[in-house]
Structures are given as structure tokens and as C-alpha cells.
Amino acid sequence: GSGDFMNDLMNSKLPGKIGTVLLLLILSRVGTYIPISGVDRDAFAESLQGGGNVLSYVDTLTGGSISKLGIFSLGIVPFINSSIIFQLLTSVFPSLKKLQKEEGEAGRRKFQQYQRYGALAFAVVQAVGQCLYVRPYVEDFNLGWLVESSAVLTAGAMILLYIGEVLTELKLGNGTSLLIFTNIISSLPSSFGQTISEASEKGDAVTVLPVFFGAFFLSTLGIVYVQEAERKIPMNYSTRFQAGGLAKSSYLPFKVNSAGVMPIIFASSLLALPATLARFAPNPVIIGAAKAVYPGGVAYVPVNIALICFFNYFYTFLQLEPKDVAEQLKRQGASIPGVRPGAATSGYITRVLERLSILGSVFLGFLALAPTAVEGVTGLTTFRGFAGTSLLILVGVATDTTRKVRSEIVMSRYDTSLDDFYKDMPKK
């Protein structure tokens, strides 16, 4: 009953872990409010308020830290960019793929180290870019200020990267996703407030707000449904142990949206790239491109959907290599009914994954379109920067963390360390 559940919860390491996660997430928000020196922040925040700015979307992902010009204002973005680059490089350089997939824990650590170096490089570039971008709002702009502020911003990004890694190690969800989740949550109250005041100003709040919040609720339901949906492929085991009907009920589950929120985070980062470039080189072509791919821009929807489809396909196959899955099944003496082991199984799994990734992409595409559609119907622009993609990140991270917490509670019931085991053994 619920009493047992509470006992299990309190006797496990979970309360401590949850406490640590919350502390780290609060710490990640505190750095947002510690400003870099020498900038007229109010004037800068006002320039972002228009909403017709690509940065206001990135601002949502960093939890408003760009507009506040805090020491954490780069957020986790440099690390995301580095991850994108390295994930793409693994498909080009077999040695990197081998490092990530085949060389065990040591290989993965080395791969992570490369990603960190990449994140550091991105952080330096983005820090300098941001300092140059806010130049009109700086009271005394000189080289000393530029070096000092860039160093502070870079350090802030690396501290967040470290917080993200510690969060991941606590095994209650992916650190990067949790940080982005916290940032989005922190900007929700003001977004809701703005929505209500905007609707009141227009004078049609009674009709518009139910549509707006209804769409919000339905999107959330849809996300939960698709996130939990899976395609189950029945399995046959050719082993002697067919006891207790275990073999009959075995199946291989593939999630419809196995790539989760990563394709969307990647696509959002790439869509913000022209804006980042425009900060460095205010070239009319780059500024035009940045405006086109900004939420509400001409090319935003097609480019966003194309990127999401690409990353979804790419990420699905990055996580599940059909050849590896077929090999594993063969080693375990398992087979899919009516499909020969080896190459035929690999081909079958590839086809299933391709179909699922198309379904997943359609779903993610609809989500990316939802805010534009809602904006068209209601005329409310407050969630333009928020996007259905942010909603997917919220729901995705929440369901993932819930699942991890449940499994932690289950594990705690059977958790006996070896030391305890030997302690209880009779001494000779």
C-alpha cells in the first residue's frame, strides 16, 4: 500500500538524491541573476522584449538569463552545440564511433572529454559574441572589459556543464535536459501572466483564453501518449529454459519517439545559429536568414521540420544500431518469428525503425507547428518563443525523471551492498 511506498521511499537513498538535484538546479538559477558588470541591463532586456527577436527564443531555453545578462547567460547551449558536432562526427569518423560504442567506460569517458573541450571552445566563441552584441549597452567598452566579461561567461558555462554532469551521475534524468527543464519552468509564470494580460487588452479573453489553454492541455496529453507509445516485436528464444511461460511473453520494445527531445533541442540550437552569426557579422544576408528562420519567419516551419526529421532519423539510428541489435539477439539465441537471424533481422529492424522515425518526425513536426496554429487562431504571440518544442522538453523530462525515480525505489528494496553482505556472513 501507500504506507509501504512511503517506507521504501524514506529508507532509500532517494530523498538525499532528490535534495541534491533540487539544490543543484537552484544553484543553476542563482547564477542567472548575478550580472556581468558594466552593462545597462534594463535597456538591453527591453530590446529583447519585442518578441520579434531570435534571441528571445534562446532566452527561453536559457531561462531568461540572456536578457538578465547573468554569469550563466550562455546556459548549457555551448555543450549542446558541442554534442551536436560530435554526434555528427561519429557518423563520419569510425574511430570516434568505436570510442563511443565499443571501448566501454574508458572510451565513453574519453569521448565525453572531447565533448567538454568542444563545449569550452563554443563557450569562448559565444561569450565573445555576446559581449560584442551588448556593446551598445556597455558603459565603458574596452579590451579589458571584453576579456574579463568573456572569461566570466565562459566560466559560467563550464560550471553549468559540471552541474549537468553531476545531475546525470545522480541517475534521476539527463543533466542537460534537467537544466533546460528548469529554465523553461522558470519562464512559465511570466509567460502565462503575459498571455492573460495580452488577451485582456484585446478584449476577447473569454473566447481566446479557453482555446489557448485547451491547446496547451491537448498538446501535453498528445505528448504523453506518443512518448509512452511503443512497437513491440515478438521474440522466440531457442534455449532450453522455456520455463514458466517466460519465452512466450518476450518481445523487443521500440519507442515510437525513441530519440525523445534531443532532435528538438538540436534543431532549436541550429535555428539560433544565424542569429548568433548575425551578432558577430551584422551582414544583411545573415540578418535576413536569421529573420527567416525565427519563430514566425517565412522559413521557420519548413526548416524546423526538416531539421527535426533529420535529427530524429539520425538520433534513432545512433541509439539503436540495427546490426548490433541483430548480433545481440543472435548471441542470446533469440529470433523474430518468420525472420532469419543475422542480416535479415538487421534489415527487418532497420525497416521498423525507419517507419517509427517517420511517425516520430510527423509527431514532432506537428508539435513544432502547434504554436503557430494557436497564434493564428488566438492572435496571442506570448508563446512564440516558447514553442510546442519546449512543452515536449517539459513533458519528456518529467516522464523520464518519474520513471527513474520509480526504478530507484524498486532498486532500493533489493539494495544490499557487498560490504553489508560480507558483514552478515558468519565469521570462521
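Because the model is predicted, local features are described only where pLDDT is at least 70 and side-chain atom pairs count only at pLDDT 80 or more, whereas totals for chains, interfaces and linings use all residues. Residues are numbered from 1 along each chain as its sequence is written, and side-chain values use heavy atoms, with hydrogens and water left out.

The chain contains 19 helices and 4 strands, taken as DSSP runs (H or I over at least four residues for helices, E over at least two for strands) that are numbered from the N terminus. Of its 428 residues, 45% are buried, where buried stands for a relative accessible area under 20%, exposed for one over 50%, and partly exposed for values in between, with a 1.4 Å probe and protein chains only. The accessible surface amounts to about 22,200 Å², and carbon and sulfur atoms hold 64% of it; these areas come from the Shrake-Rupley method with a 1.4 Å probe, and for residues only the protein chains shown count as cover. Among the contacts (heavy atoms within 4.5 Å) with a separation of 6 or more, 75% are between residues 24 or more positions apart.

The interior can be approached through its nonpolar cores, each a set of buried Ala, Val, Leu, Ile, Met, Phe, Trp, Tyr and Cys residues joined through side-chain atoms within 4.5 Å. The largest such core has 68 residues, and the members that touch the most others are Leu167, Phe254 and Leu392. With neighbours within four places in sequence set aside, the contacts of Phe254 are Glu230, Arg231, Ile233, Leu320, Ile349, Val352, Leu353 and Leu356. Another core, of 16 residues, lies apart from the largest one and includes Leu69, Val134, Leu146 and Leu153.

Two helix pairs show contrasting arrangements. For both, axes are lines fitted to C-alpha atoms, over the stretch in contact in the case of helices, and angles between N-to-C directions run from 0 to 180 degrees. Helix α11 (residues 205-228) and helix α17 (residues 343-378) cross at roughly 175°, their axes coming within 10 Å, and the two are therefore roughly antiparallel, given that angles over 145 degrees count as roughly antiparallel, those under 35 as roughly parallel, those from 65 to 115 as roughly perpendicular and the rest as oblique. On the α11 side the contact involves Val208, Val211, Phe212, Ala215, Gly222, Ile223 and Val226, which meet Phe363, Leu367, Val374, Val377 and Thr378 of α17. This contact has 10 nonpolar, 2 polar and no charged residues, where Ala, Val, Leu, Ile, Met, Phe, Trp, Tyr, Cys and Pro count as nonpolar, Asp, Glu, Lys and Arg as charged, and the others, Gly among them, as polar.

Helix α6 (residues 77-92) and helix α12 (residues 262-271) instead pack at an angle of about 105°, with axes 10 Å apart, which makes α6 roughly perpendicular to α12. Here Ile80, Asn81, Ser83, Ile84 and Gln87 of α6 make the contact with Ile265, Phe266 and Ser269 of α12, and these residues divide into 4 nonpolar, 4 polar and no charged.

Helix α17 also holds Ser357 and Leu369. Ser357 is buried because its relative accessibility is 4%, and beyond four places in sequence it touches Asn312, Tyr313 and Thr316. Leu369, by comparison, is partly exposed at 30% relative accessibility; leaving aside neighbours within four places, it contacts Val301 and Ile305, and its C-alpha lies 6.8 Å from that of Val301, 68 residues away in sequence.

Three further residues lie elsewhere in the chain. Met6, in helix α1 (residues 2-11), is partly exposed with a relative accessible area of 41%, and its C-alpha is separated by 9.8 Å from that of Ile409, 403 residues apart along the chain. Tyr251 belongs to strand β3 (residues 251-255) and is partly exposed at 39% relative accessibility; not counting residues up to four places away, it touches Glu230, Lys232, Ile233, Pro234 and Met235, and its C-alpha is 5.9 Å from that of Lys232, 19 residues apart along the chain. Lys171 sits in the loop between α9 (143-169) and α10 (175-202) and is exposed, with a relative accessible area of 53%. Most residues other than glycine have a negative phi, whereas phi of Lys171 is positive, near 60°.
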